[in-house]
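Subject: Structure handover

Hello,

The structure is below, with the sequence. My notes on what turned up follow it.

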Amino acid sequence: MDFKELKRKKERGVSNEEFMDQSKEFFVDADTIIIVGINPDGIISTFYTQATSLTAIGMMEVAKSQLISEMEV
């Protein structure tokens with residue numbers, strides 16, 4: 001594990017690799033998966049498994065709502 005991953009693990013309790021491995025186990029039977037990330041250059045990339053963008057947009061709205069609810073606690 002390199003320095004950046006060790007720093008992430010210290011700050012968040014998990015490295016990116018560990019996070020992806022844990023997520024993989026959770027989503028192995030999922031119908032749709034969306035992944036959004038920011039690279040070190042600040043470029044945001046989105047990947048999704050659904051055939052239509054509309055479903056992906058709906059899922060992002062649900063994720064946004066869930067995050068806002070968590071912030072209110």
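A salt bridge here is a side-chain nitrogen of Lys or Arg within 4 Å of a carboxyl oxygen of Asp or Glu. Searching the whole structure gives one salt bridge. It joins the side chains of E61 and K64, at 3.5 Å from N to O.

The model is predicted, so local features need pLDDT of at least 70 and side-chain atom pairs count only at pLDDT 80 or more, while totals for chains, interfaces and linings use all residues. Residues are numbered from 1 along each chain as its sequence is written, and side-chain values use heavy atoms, with hydrogens and water left out.

E61 and K64 are about one helical turn apart, because they lie three residues apart in helix 3 (residues 53-72). Helices (H or I, at least four residues) and strands (E, at least two) are DSSP runs, numbered from the N terminus. E61 is partly exposed at 44% relative accessibility, and K64 is partly exposed at 44%. Buried means under 20% relative accessible area, exposed over 50%, and partly exposed in between (1.4 Å probe, protein chains only).

Strand 1 (residues 34-38) pairs with strand 2 (residues 44-48) in the antiparallel sense, over five bridges; pairing requires at least two DSSP bridges between two strands. I38 is opposite I44 in strand 2. The two strands form a hairpin with five residues between them, and G42 in the turn has a positive phi of about 85°.

Regards
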